[in-house]
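Me: I have a model open and would like to learn how to read its side-chain features. Could you take me through them one by one?

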Amino acid sequence: MEFFASCPEGFEDALANELKGLGLPQVRKLKGRVAFGGGGADGERACLWSRLASRIHVVVGRFACIDAEDLYAGARAIAWEDILANGATIAVTARGTTPDLRNTHFSALRVKDALCDRLLETTGARPTVDTERPAAHIALALRGERATITLDLSGEALFRRLPREATHGAGAHVLRPDYAALALVQAGWDAACRDTSEDAGPLALIDASCAGGGIVLEAASILLDRAPGLARESWGFFGWGEHDESVWIDLLNEANGRAAAASERAGKIIASDIDPAHVSFAQRIV
């Protein structure tokens, strides 16, 4: 299978290194994303463990596409009956244009029609469209004379992992977790936390302008080897036909085991700020 992890521009080098560190094969940097290969468990591992990716997609189809007829035929040729879980609700979005496909809403509608027609033919039932909270989010990208269709395995964006208190009526700005994670990678904190050699010195991190505590919170999660997606209950891959619940449980058990093993890890994180209210807020968030 072919996957890609989307990210803000400038994250590509660090994200590629992170995915390699997760043991994912065929990692390749692109602009605003990093591609990798593997099986279903690899895609779900990336969802669970990536601190730097915004979303994880699996490519389900690529084909030549100039006009609406090409788009419909290419999308209908995809084996949606195997790609989507039985009964999964769907939503389709599109980006990019061609000279004959200039309206992204129309392009998304053509993919949705092709998908529904294929499932009606192969399974006898059309899927339900749910644009608010779909079990399966399908994304079309048009570039040049090529169409790429992917399934978003993340569901909600991976960086949406702050505690509720940090996003509802926050008393201070809390740095987005993926940006906090990149700062910590560049500072060497993650590498220091992984260093278990006898020569490794005591772990200590000082954040002299902690604001809402975003870096402190991410640093503590890294120190405790806690998978960033461990507390999430809803995933886009729940609507994926390749999803194997037993494999996912194994991934969760592995992550819980790593967190338990690191629970007594020694380390010191010192946070300060010119505004005492920010320090107090960061304490509550952590």
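Reply: Happy to. Start with burial: a residue is buried under 20% relative accessible area, exposed over 50% and partly exposed in between, using a 1.4 Å probe and protein chains only. Phe237, at 0% relative accessibility, therefore counts as buried, while Phe238 is partly exposed with a relative accessible area of 35%. This is a predicted model, where local features need pLDDT of at least 70, side-chain atom pairs count only at pLDDT 80 or more, and totals for chains, interfaces and linings use all residues. Residues are numbered from 1 along each chain as its sequence is written, and side-chain values use heavy atoms, leaving out hydrogens and water.

Me: How many aromatic pairs does the structure hold?

Reply: Rings of Phe, Tyr and Trp (its six-membered ring) pair if their centres lie within 6.5 Å; planes under 30 degrees apart are stacked, over 60 edge-to-face and the rest tilted. By that rule there are seven aromatic pairs here. One of them joins Phe3 and Phe36, stacked at 5.1 Å centre to centre with 10° between the planes. The partners are 33 residues apart, Phe3 in strand β1 (residues 2-6) and Phe36 in strand β3 (residues 33-37); strands are DSSP runs of E with at least two residues, helices runs of H or I with at least four, numbered from the N terminus. Phe3 is buried at 0% relative accessibility, and Phe36 is buried at 2%. Phe237 and Phe238 make an edge-to-face pair, 5.3 Å centre to centre and 90° between the planes. Those two also belong to one aromatic cluster with Trp235 and Trp248.

Me: Which residue lies over the face of Trp49?

Reply: A charge sits over a ring if NZ of Lys or CZ of Arg is within 6 Å of the ring centre and within 35 degrees of the ring normal. Over Trp49 it is Arg258, at 3.9 Å from the ring centre. Arg33 lies over the face of Phe4 in this way, at 4.8 Å.

Me: Which residues touch the most other members of the largest nonpolar core?

Reply: In soluble globular proteins, nonpolar side chains tend to be buried together. A nonpolar core is a set of buried Ala, Val, Leu, Ile, Met, Phe, Trp, Tyr and Cys residues joined through side-chain atoms within 4.5 Å. Of the 60 residues in the largest one, Leu19, Trp80, Leu84, Ile149 and Leu151 touch the most other members. Helix α5 (residues 104-123) gives the most to this core, with six residues. Another core lies apart from it, with eight residues including Leu184 and Trp189.
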